[in-house]
Number of protein chains: 2
Amino acid sequence: MTTPLRLHQLVIDNGLAISPFVWRIRYALAHKGLEVEEVPAGFTDIPKAAGGGFKTVPILEHGDTRISESFDIADYLDRAFPDAPLFATRGERAAAQLFDSFYLWSAMRMAHGFYALDIHNAARAVDRPYYRQSREARFGGPLEEMAAGRDAGLPAFREALQPLRMTLARQPWLAGDAPGYADYIGLGGFLWLAGVASAPPLAAGDPLLGWIDRGRDLYGGLGRDPRQRPLAAPN
Amino acid sequence: MTTPLRLHQLVIDNGLAISPFVWRIRYALAHKGLEVEEVPAGFTDIPKAAGGGFKTVPILEHGDTRISESFDIADYLDRAFPDAPLFATRGERAAAQLFDSFYLWSAMRMAHGFYALDIHNAARAVDRPYYRQSREARFGGPLEEMAAGRDAGLPAFREALQPLRMTLARQPWLAGDAPGYADYIGLGGFLWLAGVASAPPLAAGDPLLGWIDRGRDLYGGLGRDPRQRPLAAPN
């Protein structure tokens, strides 16, 4: 009998899991064909999740192991379940982390500001005061002010995604011929936005939509949920 | 007796090779311990280089093989000289190209505009009219106008490099524990600027300078030349 895996994750009021870091681990588990019990937590539940002691999700429990930070979890999964490696070499692991840094810094950081008010509004009522206070401290201003810059700022966000389009013009997946951890990082960003966006982040016809659609279809439609919102205006 | 390797490269008036794409191949050759004959070309010589038919450098000649585009050359080197691979897996290759796209798009593209006038002024006199005409058409304005935005624009360039700093805070090289192709891509950008910059692109004390210094020291000081200009103001 195998030891069960439990994944603690962040949910909003409608029960959707939204954390981009959780999404990459959901994909990583599916990539390896592993079953997992998903344990929901609101923003203010996270400090108590998995017995306490963690500040962020995802948190993976496996027997006596409790581990957070998505790259550390991915490493653990590769050690505990070596088939279908997420990182076949140390170099692949380093390169995925380098991509992650560029992706978050040059693109998703902008989206975070534009959609933080949507995240607030979608959160459980009990979590909203904490979310507002912590994010306004981080951004240095009201969530409403960040959201007000969205329409003017979305073109720069879309332009910052150009390296993804350049890559996907050469090959079907960010990781190459088959989906890999870089895709799960990339898709995680868009599935986070799909959980909350009151206005679509991408323009109609964006060539990224083809990759996002194929990514959502992976592993039995892992990235699809009827509660999600559109990532682009209809054509 | 081994078949000699010849690398066609771009030089400016003082004889320095500056192309960032040539730099990564110089490092790739040194990574594999290969000797190479370097063949200089000014901007307007490139169409005649290596027997003609190429628009860009680097061009590698090896026996009857003539090949351009830095990633294709790297692949060729890995096939012809499998020791000390640049890409140990297809995934490492795809990830290096994804990093390259983000690096050029989010950071080095900005520097290109700021330093195009310096490249023009450093080019051989015979190459300057071609350089000015082709780059002004690409940028949609005079080189002087692009250069005038430099002082106001450099802070955004430096901020765009933050993912490199984040990565190098975790590990000594972009590629991980040892220098690899991601480092050669990264260093190539700075060695290009070091060939021409009339004002330093980085601030004094930038933590990137430690990595750049270590990179320039590799392979017997491959990245050092007394004709180069400072990358940062003195502390």
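A:Ala147 is buried, with a relative accessible area of 18%, where buried denotes under 20% relative accessible area, exposed over 50% and partly exposed in between (1.4 Å probe, protein chains only). The model is a predicted one, in which local features need pLDDT of at least 70 and side-chain atom pairs count only at pLDDT 80 or more, while totals for chains, interfaces and linings use all residues. Residues are numbered from 1 along each chain as its sequence is written, chains are lettered from A and ligands numbered from 1 in the order in which they are written, and side-chain values use heavy atoms, with hydrogens and water left out.

A:Ala147 belongs to helix α5 (residues 143-148) of chain A; helices (H or I, at least four residues) and strands (E, at least two) are DSSP runs, numbered from the N terminus. When neighbours within four places in sequence are set aside, A:Ala147 is in contact with A:Gly113, A:Phe114 and A:Leu117, contact meaning heavy atoms within 4.5 Å. A:Asp118, 29 residues from A:Ala147 in sequence, lies 8.2 Å from A:Ala147 in space, C-alpha to C-alpha.

In chain B, four strands form an open sheet of mixed pairing in the order β2-β1-β3-β4, two strands being paired if DSSP finds at least two bridges between them. Its edge strands, each pairing on one side only, are β2 (37-41) and β4 (65-68) of chain B. Strand β3 (residues 59-62) of chain B pairs with β4(B) in the antiparallel sense over four bridges, and B:Glu61 has B:Arg66 as its bridge partner in β4(B). Helix α2 (residues 70-80) of chain B packs on the sheet, touching β3 and β4 of chain B, and its direction makes about 140 degrees with that of β4(B); axes are lines fitted to C-alpha atoms, for helices over the stretch in contact, and angles run from 0 to 180 degrees between N-to-C directions.

A rotation of 180 degrees with 0.0 Å of shift along its axis superposes chain B on chain A (RMSD 0.0 Å), by least squares on the C-alpha atoms of residues with pLDDT of at least 70 in both copies. The two copies are therefore related as by a two-fold rotation axis. Between the chains, 27 residues of chain B are in contact with 28 residues of chain A. Because 100% of the interface residues of chain B are also interface residues in chain A, the copies meet through the same surface.
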